[in-house]
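Please open the structure in your viewer and keep the selection panel at hand. The stops below are given in the order in which they may be selected.

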Amino acid sequence: MTVKVKLGVIYQQNPAFDVLLKSKLPAKIAYQMAKMTKQIAEEVQIVEKHRMELIEKYGEEFTPEGSTEPSKKVKEENIQAFITEFNEMLNQEIELYGDQIDIDSIPHVEISAEQLLSIDWLIKP
């Protein structure tokens, strides 16, 4: 089975996902989480590479105050184009291999309602 989720959801560092990763889980769920984490890391790497390409495309070189190393930033006049193009990518839906987690199978995991909402794509309805 697969779980569908938008790239933007997994691109953001998700503390709730980390809570699950650090919890003692039944072996089947722990294995599934490990596989998903690997897939997520690969997707995030692709997103980050694309973000850097967009900065290169829409950016300019500058030297931050107190530094001798040049860096790149998006030019003011290109910010909207950068945001539009980056958001188009983040809105793409991908499939992660694995099943949604039945919340009843992890009763010992302590997680807030807010955190649970942020990983609703992973929780079986």
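Ala-30 is partly exposed, at a relative accessible area of 32%. On that scale, buried means under 20% relative accessible area, exposed over 50%, and partly exposed in between (1.4 Å probe, protein chains only).

The model is predicted, so local features need pLDDT of at least 70 and side-chain atom pairs count only at pLDDT 80 or more, while totals for chains, interfaces and linings use all residues. Residues are numbered from 1 along each chain as its sequence is written, and side-chain values use heavy atoms, with hydrogens and water left out.

Next, select Gln-32, which is also placed in helix H3, residues 27-58. Is Gln-32 buried or exposed? Its relative accessibility is 12%, so Gln-32 counts as buried. Display its surroundings with contact taken as heavy atoms within 4.5 Å. Beyond its neighbours within four places in sequence, Gln-32 touches Gly-98, Asp-99, Gln-100 and Ile-101.

Turn now to the charged pairs. Side chains of opposite charge can pair when their charged atoms come close. A salt bridge here is a side-chain nitrogen of Lys or Arg within 4 Å of a carboxyl oxygen of Asp or Glu, and the count by this rule is five.

Among them, select Glu-56 and Lys-72, whose side chains meet at 3.3 Å, N to O. Glu-56 belongs to helix H3 and Lys-72 to strand S3 (residues 71-74), so this pair ties together parts that are 16 residues apart in sequence. Glu-56 is exposed at 51% relative accessible area, whereas Lys-72 is partly exposed at 32%.

Move on to Lys-57 and Glu-85, a salt bridge with its closest N and O atoms 3.2 Å apart. Here Glu-85 sits in helix H4 (residues 79-90) and Lys-57 in helix H3, so the link joins parts 28 residues apart in sequence. Lys-57 counts as exposed at 52% relative accessibility; Glu-85 is partly exposed at 24%.

For another bridge, select Lys-4 and Glu-95, with closest N and O atoms 4.0 Å apart. This pair links distant parts of the chain, as Lys-4 lies in strand S1 (residues 2-6) and Glu-95 in strand S4 (residues 93-97), 91 residues apart. Both ends are partly exposed, Lys-4 at 49% and Glu-95 at 41%.

Finally, clear the selection and view the whole chain. Which elements does the protein chain contain, and in what order? There are five helices and four strands, running β-α-α-α-β-β-α-β-α from the N terminus. The radius of gyration, taken over C-alpha atoms, may be set against the globule rule of 2.2 Å times the number of residues to the power 0.38. At 18 Å it is well over the 14 Å that the rule gives for 125 residues, so the protein chain is more spread out than a compact globule. Along its principal axes, the C-alpha trace spans about 50 × 30 × 25 Å. Colour by accessibility to finish: buried residues make up 30% of the 125 residues.

Notes: Helices (H or I, at least four residues) and strands (E, at least two) are DSSP runs, numbered from the N terminus.
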